[in-house]
Amino acid sequence: MAWKDFLVPVKSMEAEELRAYIKGHKEGSYTLLDVRQPSEYEKVRIPGAKLIPLPELMTRFRELDPQKPLIAY
């Protein structure tokens with residue numbers, strides 16, 4: 001898997017759309033990716049989110065399952 005595998009069209013969604021998506025899909029069937037800094041993640045996060053700070057994403061993208069929908073915030 002290469003980082004270019006993640007370059008697909010992106011859809012933006014509002015908070016209410018995200019809530020509906022999470023409610024309508026089984027946990028683990030998608031990846032919820034938090035790209036903020038660890039201090040921000042510790043203060044508040046969406047349950048089940050995986051933390052990979054944006055500056056680390058290029059070196060850690062292999063931790064993401066390309067077969068699952070990815071929701072980044």
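At 14% relative accessibility, does Tyr41 count as buried or exposed?

Guide: Tyr41 counts as buried, with a relative accessibility of 14% (buried is under 20% relative accessible area, exposed over 50%, partly exposed in between, with a 1.4 Å probe and protein chains only). This is a predicted model, in which local features need pLDDT of at least 70 and side-chain atom pairs count only at pLDDT 80 or more, while totals for chains, interfaces and linings use all residues. Residues are numbered from 1 along each chain as its sequence is written, and side-chain values use heavy atoms, without hydrogens and water.

Tyr41 belongs to helix α2, residues 38-43 (helices are DSSP runs of H or I of at least four residues, strands runs of E of at least two, numbered from the N terminus). Over the face of Tyr41 lies Arg45, 4.5 Å from the ring centre (the rule asks for NZ of Lys or CZ of Arg within 6 Å of the ring centre and within 35 degrees of the ring normal). Along the chain Ile52 is 11 residues from Tyr41, and their C-alpha atoms are 9.9 Å apart.

Three helices and three strands make up the elements of the protein chain, in the order α-β-α-β-α-β from the N terminus. The strands form an open sheet ordered β2-β1-β3, with parallel pairing (two strands pair if DSSP finds at least two bridges between them). β2 (50-51) and β3 (70-72) are the edge strands with a single partner each, so one side of each has no neighbour in the sheet. Strand β1, residues 31-34, is joined to β2 by two bridges, and Asp34 stands opposite Leu51 in β2.

Tyr21 is buried at 19% relative accessibility, and Tyr30 is buried at 11%. Buried residues account for 22% of the 73 residues in the protein chain.
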